[in-house]
Amino acid sequence: MTDMGDHASDDSRRLPDLMPYRRRLAEVMRQPVSSIDADCPLAQAAQAMTAENIGVLLVRRHDQVIGILTERDLTRALAQHGAASAALRAEAVMTPQIISLPQDTLMFRAIGRMRRFNLRHLPVTDGRGAYIGMVSARALLRQRATEAQSVADAIEAATTAPELNAARASLPALCRMLLEEKLEPVEIAAVISGIYADITARAAALVEQLLEPAPAPWCLLMLGSGGRGESLLVPDQDNAIIHAGSSEDDGWYARAGTQLADLLNAAGIPYCKGGVMAMNTAWRGAQGQWRARVTEWVRRHSAEALLNVDIFFDLQPIHGERRLGENLRREALAAARASPLFLRLLAEQAAQIHPAIGLFGRLREKEGLIDLKLGGLLPLVSAARCMALKLGLTETGTQARLRAAAARGLIEADDLDGLLQAHDLILRLLLRQQLAALAAGTPPGSRLPLDALPRQDRTRLKAALRHLELLPDMVQNVLTATATA
């Protein structure tokens, strides 16, 4: 065990480096976002920046954001046009391509994004794609981390599968460091998910460079655990494509999906065994096709439809025209929430996923191994998702969903604490086991050898799994309470 007293100065130096792994853009962004009309003269825009002591304005036309105007844009206009630049309209000088990130993005990802595109300002969006804040390079780089920066830079600079794989291969060492520095397991899972998302988005950008221009705007979605921000050290491809074109445009998106899957597989993120990848027809389509697909899932009530829900309703847009993905999520949530029968069947399915604990409080194992994904994470994730669909929550993270249900008075405070502690413990045990497997040169997984668990961890695990046995009643409480409200 490390002697903390001998290394106090070392820890005080390292801990600030972890801030980009802990904090999200919502915590450091400036609000509200200032904007000007597209026809505003630059002289007036400069006056607005000076008055508000800011260096950036969003440009709007008819309440629609069409670009971003920065101090750099004003300086370039002045250099090119001299005094005449004062009368130029904002639309003539602005940058129309807006690079933004959602408010729940961890800071280390934003640092890499801003460095790659040489940005001084980054707009921040909410779950609906609306601009709600702004972060500056100065605010982020004050809290930059050496480890975070190296991973982010490696991903943003990658141009080949081996380079992407090198960034992915750094995850175990990073994860081990974060565990040693006492980051919460759910925070570590969010870091891992963020890195997988960035690798996938970078791969999509590389694929775009190889193809002719897309026939219509499109968005790459990350599904499953990656969409929830709860990935661990066993990567998998779960992705989909939504686009603004028609079914006749499918050829381009099919090629993009196939090349993306091949590139990710070569980068150490293997093909999804269940085929949940945009290379397959069922997981790509135009807006209307997705609308019909979701409607069919909700109406059919089949086992296949319920399985798709497990993957699909945790979606997060990660590349391209993010509003396409955000709109799809809202429509899908509304469709699910409007079908009580679908939600009831979903709850019944979740209730069939039993925690890995049996009679007399004995841990259920097979050949000395306990599956903490099937018998731990899955019942908790499924129950939280069912509650979120009934409540119409936009949150995708399991803990965020549980907290939102508790905030509405539908989960007791003691029950919430028990569920959050169970989630943290299971994630921690899985991370430790996966790191041990990688160190031993064996494939990591979700099955833990019981004899390797210390007695204290066994006791805590039994208590956690017994708490998960209450989940079916909690789900029913949410369904019935909201139905009668």
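View 1. Buried means under 20% relative accessible area, exposed over 50%, and partly exposed in between (1.4 Å probe, protein chains only). By that scale Glu208 is partly exposed, because its relative accessible area is 30%. The model shown here is predicted; local features need pLDDT of at least 70, side-chain atom pairs count only at pLDDT 80 or more, and totals for chains, interfaces and linings use all residues. Residues are numbered from 1 along each chain as its sequence is written, and side-chain values use heavy atoms, with hydrogens and water left out. Glu208 sits in helix α12 (helices are DSSP runs of H or I, at least four residues, and strands runs of E, at least two, numbered from the N terminus). Which residues does Glu208 touch, leaving aside its neighbours within four places in sequence? They are Trp218, Trp252 and His319 (contact means heavy atoms within 4.5 Å). Gln80 is 128 residues from Glu208 along the chain, and their C-alpha atoms are separated by 33 Å.

**View 2. Helix α11 against helix α12.** This view stays with α12, which covers residues 185-210. Its partner α11 covers residues 171-180. The two helices pack at an angle of about 160°, with their axes 10 Å apart (axes are lines fitted to C-alpha atoms, for helices over the stretch in contact; angles run from 0 to 180 degrees between N-to-C directions). Therefore α11 is roughly antiparallel to α12 (under 35 degrees is roughly parallel, over 145 roughly antiparallel, 65 to 115 roughly perpendicular, the rest oblique). The crossing of α11 and α12 is right-handed (the near helix is turned clockwise from the far one by less than a right angle; left-handed if anticlockwise). From α11 come Leu171, Leu174, Cys175, Leu178 and Leu179. They meet Ile188, Val191, Ile192, Ile195 and Tyr196 of α12. The contact of α11 with α12 has 10 nonpolar residues, no polar ones and no charged ones (Ala, Val, Leu, Ile, Met, Phe, Trp, Tyr, Cys and Pro count as nonpolar, Asp, Glu, Lys and Arg as charged, and the others, Gly among them, as polar).

**View 3. Helix α4 across helix α5.** Here α4 spans residues 42-52 and α5 spans residues 71-81. At what angle do the axes of α4 and α5 cross? The crossing is at roughly 140°, and the axes come within 11 Å. So α4 is oblique to α5. Their crossing is left-handed. Leu42, Ala46 and Met49 represent α4 in the contact. Five of the contact residues are nonpolar, none is polar and one is charged.

**View 4. The ring pair of Phe312 and Phe313.** The structure holds nine aromatic pairs (rings of Phe, Tyr and Trp, its six-membered ring, pair if their centres lie within 6.5 Å; planes under 30 degrees apart are stacked, over 60 edge-to-face, the rest tilted). The pair of Phe312 and Phe313 is edge-to-face, because the ring planes stand at 85°, with the centres 5.3 Å apart. Are Phe312 and Phe313 buried or exposed? Both are buried. Ring pairs also tie Phe312 and Phe313 to Trp283, Trp290 and Trp297 in a cluster.

**View 5. Pro32 and its cis peptide bond.** Most peptide bonds are trans. Gln31 and Pro32, however, are joined by a cis peptide bond, with omega about -10°. Pro32 belongs to the loop between α3 (25-28) and β1 (35-37).

View 6. What is the phi of Asn53? It is near 55°, a positive value in a residue other than glycine. Asn53 lies in the loop between α4 and β2 (56-61). Asn53 is exposed, with a relative accessible area of 71%. His62 is exposed at 73% relative accessible area.

**View 7. Gly251 in helix α14.** Helix α14, residues 250-266, contains Gly251. Gly251 counts as partly exposed, because its relative accessibility is 34%. Pro215 is 36 residues from Gly251 in sequence, and their C-alpha atoms are 9.8 Å apart in space.

**View 8. Ala440 in a loop.** Ala440 is placed between α21 (413-439) and β12 (447-449). Ala440 is exposed, with a relative accessible area of 58%. How far apart are the C-alpha atoms of Ala440 and His319? They are separated by 35 Å, and the two residues are 121 residues apart along the chain.
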